[in-house]
Amino acid sequence: MNVIILGGAGFIGKHLAKDLLNKGFSVTIFDNFSNSTKDSTISLAENGVKIIEGDITNLQSIIDATMKQDYVVHLAAKISVEDSIKNPSETFRINVEGTK
């Protein structure tokens, strides 16, 4: 079974990816690395996780990335409370529109 984790380079996503790999799933991480680094996914990539750099607000990127997936786990979000107060429209665009 193929699983894609949107926002999978974050703390929860990396642990979920590792657990799914151990259970025999084919795992893809889709992330823009705004809350993490590419380096943090190296060990996952070395163990077979496919890494896609992309943004959840780009509909075509999401369509392309999820095309052959059996399951989608959505963990992508702008997580900074301080940033959400300073720029609520950007947080809304990412967290709400990106989810929609």
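Lys 38 has a relative accessibility of 47%, so Lys 38 counts as partly exposed. The model is a predicted one.

Lys 38 has a partner. Glu 53 and Lys 38 form a salt bridge, and their closest N and O atoms are 2.6 Å apart. This pair links distant parts of the chain. Glu 53 sits in strand β3, residues 50–53. Lys 38 lies in the loop between β2 (26–31) and α2 (42–46). The two are 15 residues apart.

The count of salt bridges comes to six. Another one joins Glu 90 to Arg 93, with 3.0 Å between the closest N and O atoms. Both residues belong to helix α5, residues 88–97. They are three residues apart there, so about one helical turn separates them. Glu 90 has 25% relative accessibility and therefore counts as partly exposed. Arg 93 is partly exposed as well, with a relative accessible area of 35%.

Next comes Glu 97. The side chain of Glu 97 meets that of Lys 100 in a salt bridge, at 3.1 Å from N to O. Glu 97 counts as partly exposed because its relative accessibility is 36%. Lys 100, at 76%, counts as exposed.

Now turn to a nonpolar part of the surface. Phe 11, Ile 12 and Leu 75 make a nonpolar surface patch of about 340 Å². Phe 11 is in helix α1, which covers residues 11–22. With 64% relative accessibility, Phe 11 counts as exposed.

Notes. Residues are numbered from 1 along each chain as its sequence is written. This is a predicted model: local features need pLDDT of at least 70, side-chain atom pairs count only at pLDDT 80 or more; totals for chains, interfaces and linings use all residues. Side-chain values use heavy atoms; hydrogens and water are left out. Patches are made of residues with over 30% relative accessible area and no salt bridge: like charges are joined within 9 Å, nonpolar side chains (Val, Leu, Ile, Met, Phe, Trp, Tyr) within 5 Å. Accessible areas come from the Shrake-Rupley method with a 1.4 Å probe; for residues, only the protein chains shown count as cover. A salt bridge is a side-chain nitrogen of Lys or Arg within 4 Å of a carboxyl oxygen of Asp or Glu. Helices (H or I, at least four residues) and strands (E, at least two) are DSSP runs, numbered from the N terminus. Buried means under 20% relative accessible area, exposed over 50%, partly exposed in between (1.4 Å probe, protein chains only).
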